[in-house]
Each structure stands twice: as structure tokens, then as C-alpha cells.
Amino acid sequence: MDYVSALVPPVVMAVFFIGLIVTIVKSQGGDKKAKEDAAVDAAIARAEVARQAGPQPSDI
């Protein structure tokens, strides 16, 4: 019975890990993809504008 108690934690962790991977793969793309892409594009645009503006007088 020691082998059962030794195998249970890795098996449980493997099941949860597989569930996590399946959830991540299923959440990619679909109807949410355009919204996620738009959010990333907006964040990149804000970062680019801030980088081009340079340091502001209040930052110095």
C-alpha cells in the first residue's frame, strides 16, 4: 500500500496539469481572440507613444 500513497500526489498533479493545458488551449482563439488582440495592440500603442514622447519634466 505504500506504493499507492507514493503515486497519488504525482497522479493528482498530472491530472490538474493536463486540465490546465486543456483549458489554455481551448481558450485560445475563438470569439475572444479579436478582443484580446485589440487589448494587446492598444497596450503596445500606448507604450510606443510613451517611449517616443521621452521623459516628461515631471519625471526628472
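How many helices and strands does the protein have? There are two helices and zero strands. The model shown in these views is predicted.

**View 1. The whole chain.** The protein has a radius of gyration of 23 Å, whereas a compact globule of 60 residues would have one near 10 Å. Along the principal axes, the C-alpha atoms fill a box of roughly 70 × 35 × 10 Å. Buried residues account for 0% of the 60 residues. The accessible surface amounts to about 5,500 Å², and 71% of that surface belongs to carbon and sulfur atoms.

**View 2. Helix H1 and its kink.** Helix H1 covers residues 2-27, 26 residues in total. From its first C-alpha to its last, H1 reaches 39 Å, close to the 38 Å expected at 1.5 Å a residue. At Val 8, H1 has a kink of about 30°. Just after H1, Gly 29 has a positive phi of about 75°.

View 3. Met 1, Tyr 3, Val 4, Leu 7, Val 8, Val 11, Val 12, Val 15 and Phe 16 make a nonpolar surface patch of about 950 Å². Among them, Leu 7 has its place in helix H1.

**View 4. Helix H2 from end to end.** Helix H2 is made of residues 33-53. The end C-alpha atoms of H2 are 30 Å apart, which agrees with the 30 Å that its 21 residues should span at 1.5 Å a residue.

**View 5. The salt bridge in H2.** The structure holds one salt bridge. In this salt bridge the side chains of Glu 48 and Arg 51 meet, with an N to O distance of 2.7 Å. Both residues lie in helix H2, three residues apart, which is about one turn of the helix.

Definitions and conventions:
Residues are numbered from 1 along each chain as its sequence is written. This is a predicted model: local features need pLDDT of at least 70, side-chain atom pairs count only at pLDDT 80 or more; totals for chains, interfaces and linings use all residues. Side-chain values use heavy atoms; hydrogens and water are left out. Helices (H or I, at least four residues) and strands (E, at least two) are DSSP runs, numbered from the N terminus. The expected span of a helix is 1.5 Å times one less than its number of residues. The bend at a residue is the angle between axes fitted to the seven residues ending there and the seven starting there. Patches are made of residues with over 30% relative accessible area and no salt bridge: like charges are joined within 9 Å, nonpolar side chains (Val, Leu, Ile, Met, Phe, Trp, Tyr) within 5 Å. Accessible areas come from the Shrake-Rupley method with a 1.4 Å probe; for residues, only the protein chains shown count as cover. A salt bridge is a side-chain nitrogen of Lys or Arg within 4 Å of a carboxyl oxygen of Asp or Glu. The radius of gyration is taken over C-alpha atoms; the globule rule is 2.2 Å times the number of residues to the power 0.38. Buried means under 20% relative accessible area, exposed over 50%, partly exposed in between (1.4 Å probe, protein chains only).
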